Amino acid sequence: RPRAPGKHRGVYFRQVYGNGTACDLTGEPRTTELRIMCAKDEPTYVSSIEEVATCRYVVTFHTDVICQHPAFAQAGSDADSKPEDIRCEPLDEDGNPLPSPLLGGGTADEPQSEDR
């Protein structure tokens with residue numbers, strides 16, 4: 001299913017590959033997320049390869065082939081018209097929720113400005 005991206009502009013189709021070779025720093029298997037984006041009337045190319053965390057990679061790939069898929073085209077029009085609310089919470093080392101660090105005395109449901 002196509003997704004609206006975080007810092008990348010436009011929607012993308014996401015595939016996740018896991019169980020890679022063991023990471024020399026963590027001993028855990030490496031993982032890679034492939035983001036396939038529409039590049040209408042352009043040649044197919046890899047636009048970026050990032051290590052977003054230790055031994056976790058994101059590869060962004062552009063192609064005009066995916067632009068023709070009806071679900072992808074529909075997701076693109078939806079993503080442009082409605083922003084998606086994304087909520088996160090801090091976790092401890094074991095993945096358990098921690099109390100929310102609130103800025104400026106707000107509540108957990110109030111958006112906070114990065115300019116503070």
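**Figure 1. Pairing of serine 48 with threonine 60 in the predicted model.** The bridge partner of serine 48 is threonine 60, which belongs to strand E5. Strands E4 and E5 pair in the antiparallel sense over seven bridges; two strands count as paired if DSSP finds at least two bridges between them. The strands form a hairpin with two residues between them, and cysteine 55 in the turn has a positive phi of about 60°. Strands (E, at least two residues) and helices (H or I, at least four) are DSSP runs, numbered from the N terminus. The model is predicted, so local features need pLDDT of at least 70 and side-chain atom pairs count only at pLDDT 80 or more, whereas totals for chains, interfaces and linings use all residues. Residues are numbered from 1 along each chain as its sequence is written, and side-chain values use heavy atoms, with hydrogens and water left out.

**Figure 2. Strands E3 and E5 and the surroundings of threonine 63.** Strands E3 and E5 run parallel and are joined by eight bridges. Within this pairing, cysteine 38 stands opposite threonine 63 in E5. Strand E5 spans residues 56–63 and includes threonine 63. Threonine 63 has a relative accessible area of 6% and is buried; buried means under 20% relative accessible area, exposed over 50%, and partly exposed in between (1.4 Å probe, protein chains only). Leaving aside residues up to four places away in sequence, threonine 63 touches Ile36, Met37, Cys38, Ala39 and Thr44. A contact is defined by heavy atoms within 4.5 Å.

**Figure 3. The salt-bridge network of Arg14, Glu33 and Arg35.** These residues, Arg14, Glu33 and Arg35, are linked in a network of salt bridges. A salt bridge is a side-chain nitrogen of Lys or Arg within 4 Å of a carboxyl oxygen of Asp or Glu. In general, side chains of opposite charge can pair when their charged atoms come close. The side chains of glutamate 33 and arginine 14 meet at 3.3 Å, N to O. Because glutamate 33 lies in strand E3 (residues 31–38) and arginine 14 in strand E2 (residues 12–17), the pair ties together parts that are 19 residues apart in sequence. Glutamate 33 also forms a salt bridge with arginine 35, in which the closest N and O atoms are 2.5 Å apart. Both glutamate 33 and arginine 35 are buried, the relative accessibility of glutamate 33 being 12%. Arginine 14 is partly exposed, with a relative accessible area of 32%.

**Figure 4. The salt bridge between arginine 30 and aspartate 24.** The structure holds three salt bridges, one of which joins the side chains of arginine 30 and aspartate 24 at 3.8 Å, N to O. Arginine 30 is partly exposed, at 23% relative accessibility. Aspartate 24 counts as exposed, at 66% relative accessibility.

Figure 5. Phenylalanine 13 is placed in strand E2 and counts as partly exposed, at 27% relative accessibility. The C-alpha atoms of phenylalanine 13 and methionine 37 are 6.5 Å apart in space, although the residues are 24 apart in sequence. Histidine 69 occupies the loop between E5 and helix H1 (70–81). At 45% relative accessibility, histidine 69 is partly exposed. A separation of 9.9 Å is found between the C-alpha atoms of histidine 69 and cysteine 38, which are 31 residues apart along the chain.

**Figure 6. The whole chain and the confidence of the prediction.** The chain has one helix and five strands, following the pattern β-β-β-β-β-α along the sequence. Of its 116 residues, 22% are buried. Among contacts between residues at least 6 apart in sequence, 40% join residues at least 24 apart. The chain exposes about 9000 Å², of which carbon and sulfur atoms supply 50%; accessible areas come from the Shrake-Rupley method with a 1.4 Å probe, and for residues only the protein chains shown count as cover. The mean pLDDT of the chain is 74, and 61% of its residues reach 70 or more; pLDDT is the predictor's confidence in each residue, from 0 to 100. Confidence is highest in strand E4 (residues 45–53), at a mean of 95, and lowest in strand E1 (residues 2–3), at 54. Over residues 103–116 the pLDDT is below 50, and this stretch has 10 contacts in the model beyond near neighbours in sequence.
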